[in-house]
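Thank you all for coming; please have a look at the structure on the screen, and then I will walk you through one part of it slowly.

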Amino acid sequence: MGQLLCCVQVDQSTVAIKERFGKFEAILEPGCHCIPWFIGSRIAGNLSLRLQQLDVRCETKTKDNVFVNVVASIQYRALAGNASDAFYKLSNTRGQIQAYVFDVIRASVPKLTLDNAFEQKNHIAKIVEDELEKAMSAYGYEIVQTLITDIEPDEHVKRAMNEINAAARLRLATTEKAEAEKIIQIKRAEGEAEAKYLSGLGIARQRQAIVDGLRDSVLGFSINVPGTSAKDVMDMVLVTQYFDTMKEIGASAKSSAVFIPHGPGAVRDVASQIRDGLLQSSQVQ
């Protein structure tokens with residue numbers, strides 16, 4: 001019906017190309033237009049002004065001879081002011097853009113190692129965008145943005161990179177674990193040394209207190225009981241301690257068997273040994 005009435009509709013975000021007898025005449029904006037077909041006017045086609053995206057996957061080789069697949073996303077649109085160029089000058093817009101992307105990526109990535117390619121994705125995208133902008137502006141297209149969305153090396157290369165990374169992390173973890181164990185052992189040794197030092201101080205003070213107590217007891221007994229010598233008092237004290245010790249050993253349920261001389265003649269020997277040991281300890285201190 002619209003053709004019979006010479007009326008056509010152009011949708012929003014779209015322009016129509018009007019021709020007369022096969023020659024470009026005008027660009028029709030969105031809305032309703034009168035096309036007198038009986039005098040040779042017609043609509044040659046429509047051109048979308050919407051933003052479009054083209055994903056391009058390009059295989060190339062890096063400087064260190066690793067084959068990678070680079071995925072680039074190109075966002076572009078036709079310019080309303082240059083709609084005639086966009087409509088007439090290119091028959092395959094997407095193929096033209098893809099060819100330029102291949103050319104730029106295969107000229108840029110081989111100059112970089114694999115690690116540098118990952119680090120300089122934005123730089124690669126900028127180079128692709130600049131080259132496309134210069135090329136496609138002559139055909140009435142605007143390159144809005146170019147993104148390098150992925151750099152995918154071969155599966156064997158990725159596995160090797162993961163193994164290298166895992167080995168490095170394992171080596172670091174082993175080093176940290178060894179350092180932690182070393183610190184634990186050092187702290188344990190320091191604690192044991194401090195404990196032994198304090199234990200030694202306690203034993204020394206205990207022996208000193210015993211010696212001081214025995215000395216005071218001997219002196220007090222000698223003064224209060226005339227006719228007794230210090231040696232007699234010392235023997236009596238040592239024998240008393242000897243029997244107290246035997247009593248404690250026998251009363252303990254967890255004590256082991258202790259075999260020591262216990263006859264009357266051996267008591268003096270025991271007293272002499274204890275006395276000599278205490279006197280030597282007192283002299284050392």
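Which residues of helix 4 are buried? Before I reply, please keep in mind that this is a predicted model, in which local features need pLDDT of at least 70 and side-chain atom pairs count only at pLDDT 80 or more, while totals for chains, interfaces and linings use all residues. Residues are numbered from 1 along each chain as its sequence is written, and side-chain values use heavy atoms, with hydrogens and water left out.

The buried residues of helix 4 are Ile-124, Ala-125, Val-128, Glu-129, Leu-132, Ala-135 and Met-136, where buried means under 20% relative accessible area, exposed over 50% and partly exposed in between, with a 1.4 Å probe and protein chains only. Helices (H or I, at least four residues) and strands (E, at least two) are DSSP runs, numbered from the N terminus. Looking down the axis of helix 4, we find its buried residues within an arc of 135 degrees, so they line one face of the helix; the arc is that of the directions from the helix axis to the C-beta atoms. In general, an α-helix has 3.6 residues a turn, so residues three or four places apart point the same way. On the face turned away from the buried side, helix 4 carries the exposed residues Asn-122 and Lys-134.

What covers the buried residues of helix 4? The cover includes strand 7, helix 2, helix 3 (114-119) and strand 8. Glu-129, for its part, touches Ile-143, Val-144, Gln-145 and Thr-146, not counting residues up to four places away in sequence, and contact here means heavy atoms within 4.5 Å. Glu-129 and Gln-145 are 16 residues apart in sequence, yet their C-alpha atoms are 6.8 Å apart in space.

Let us turn to the sheet, which is open and has three strands in the order 6-7-8, with antiparallel pairing; two strands pair if DSSP finds at least two bridges between them. Strand 6 (52-61) and strand 8 (141-153) stand at the edges with a single partner strand each, so one side of each is left without a neighbour in the sheet. Strand 7 (residues 67-78) is joined to strand 8 by eleven bridges, and in this pairing Ala-78 stands opposite Tyr-141.

Finally, Thr-62 is placed in the loop between strand 6 and strand 7, and Thr-62 counts as buried, at 2% relative accessibility.
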